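Please look through the sequence and the model shown here.

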Amino acid sequence: NLCSSVPDSFQLRLTRALATETLLPNRVPPNPNDSKFDEQVDAQEKLNNDFRASVCAEIAESLGEEQVFSTFDRRLRDMDEAGFSSWPNHVLWMIGKDYPKLAVPLAHAILASPDTPLHKFFHVLLGGIGSQSPERMEDLLKIDDAVGTPQVQRSLAQHFWFTNRNSRPNG
């Protein structure tokens, strides 16, 4: 089998963690016609989340705070160039929530880079940071607002939409 012959490297695990679909070799194939479809989906989601959490732990152990931005930025650019769909929200949330020593410098680097693909997902990192430290998030929001680029402003709008959607008017 060709897939099993590919070495399980950090780069491959990172790519899988940042992808829309993790493509894990032990994935649970959901069958929409099965009465246990919801359980199958939940089991796959748990596998994906556990996998992404282990990749985040590996990032925290193996990359210095100055390497996280360049590693994520390069990987997302490479994935986009190859036509491989990325969805780094899960990983960015976990980094923001569980690894503030990496998350805050990553946030600063995203704000300082005018063309990074990470801008589209900045609100997720902010949410993760804010879930553990509203003060850190507020400091970043002030910087975010001061940067003022269209990409940053869109991310700021997304952050406020996601954090305030439960308080929007009904009807």
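Helix α2 is largely enclosed by the rest of the structure, because seven of its nine residues are buried. Buried means under 20% relative accessible area, exposed means over 50%, and partly exposed lies in between, with a 1.4 Å probe and protein chains only. The buried residues of α2 are Phe10, Arg13, Leu14, Thr15, Arg16, Ala17 and Leu18. The cover over them includes α3, α4 and α5. Helices (H or I, at least four residues) and strands (E, at least two) are DSSP runs, numbered from the N terminus.

The model is predicted, so local features need pLDDT of at least 70 and side-chain atom pairs count only at pLDDT 80 or more, while totals for chains, interfaces and linings use all residues. Residues are numbered from 1 along each chain as its sequence is written, and side-chain values use heavy atoms, with hydrogens and water left out.

Thr22 lies in the loop between α2 and α3. Its relative accessibility is 0%, so Thr22 counts as buried. Not counting residues up to four places away in sequence, Thr22 touches Arg16, Gln44, Asn48, Phe51 and Arg52. Here contact means heavy atoms within 4.5 Å. The side chains of Thr22 and Asn48 are also joined by a polar contact of 2.5 Å. A polar contact is a pair of N or O atoms within 3.5 Å; within protein, one must be able to donate a hydrogen and the other to accept it, and residues adjacent in sequence count only if both atoms are side-chain atoms.

**Helix α3**

Leu47 belongs to helix α3, which covers residues 37-62. Leu47 counts as partly exposed because its relative accessibility is 25%. Leaving aside neighbours within four places in sequence, Leu47 is in contact with Leu24, Asn26, Arg27 and Val28. Glu39 is found in helix α3 as well. With a relative accessible area of 52%, Glu39 is exposed.

| Pair | Separation in sequence | C-alpha distance |
|---|---|---|
| Leu47 and Arg27 | 20 residues | 7.3 Å |
| Glu39 and Val28 | eleven residues | 10.0 Å |
| Leu106 and Glu66 | 40 residues | 7.8 Å |

**Helices α5 and α6**

In α5, the buried residues are Asn89, Val91, Leu92, Met94, Ile95 and Gly96. Among the elements that cover them are α2, α3, α4, α6 and α7.

Helix α6 has 13 residues, 100-112, and at 1.5 Å a residue it should span 18 Å; its end C-alpha atoms are 18 Å apart, which agrees. The expected span is 1.5 Å times one less than the number of residues in the helix. Buried in α6 are Leu102, Ala103, Val104, Leu106, Ala107, Ile110 and Leu111. An α-helix has 3.6 residues a turn, so residues three or four places apart point the same way.

Is Leu106 buried or exposed? Leu106 counts as buried because its relative accessibility is 1%. Beyond residues up to four places away in sequence, Leu106 touches Val68, Phe69, Phe72, Leu92, Ile95, Leu118 and Leu125. Leu125, with neighbours within four places left aside, is in contact with Leu92, Ile95, Gly96, Ala103, Leu106, Ala107 and Ile110.

**The nonpolar core**

A nonpolar core is a set of buried Ala, Val, Leu, Ile, Met, Phe, Trp, Tyr and Cys residues joined through side-chain atoms within 4.5 Å. Which residues of the largest nonpolar core touch the most other members? Of its 35 residues, they are Ile59, Phe72, Leu92, Ile95, Leu106, Leu118 and Leu125. Two or more residues of this core come from each of α2 (10-18), α3, α4 (65-81), α5 (89-98), α6, α7 (122-132) and α8 (134-147). Helix α6 gives the largest share, six residues.

**The whole chain**

The protein chain has nine helices and zero strands. Of its 171 residues, 38% count as buried. Among contacts between residues at least 6 apart in sequence, 66% join residues at least 24 apart.

The mean pLDDT, the predictor's confidence in each residue from 0 to 100, is 83 for the chain, and 80% of the residues reach 70 or more. Over residues 167-171 the pLDDT is below 50, and this stretch has one contact in the model beyond near neighbours in sequence.
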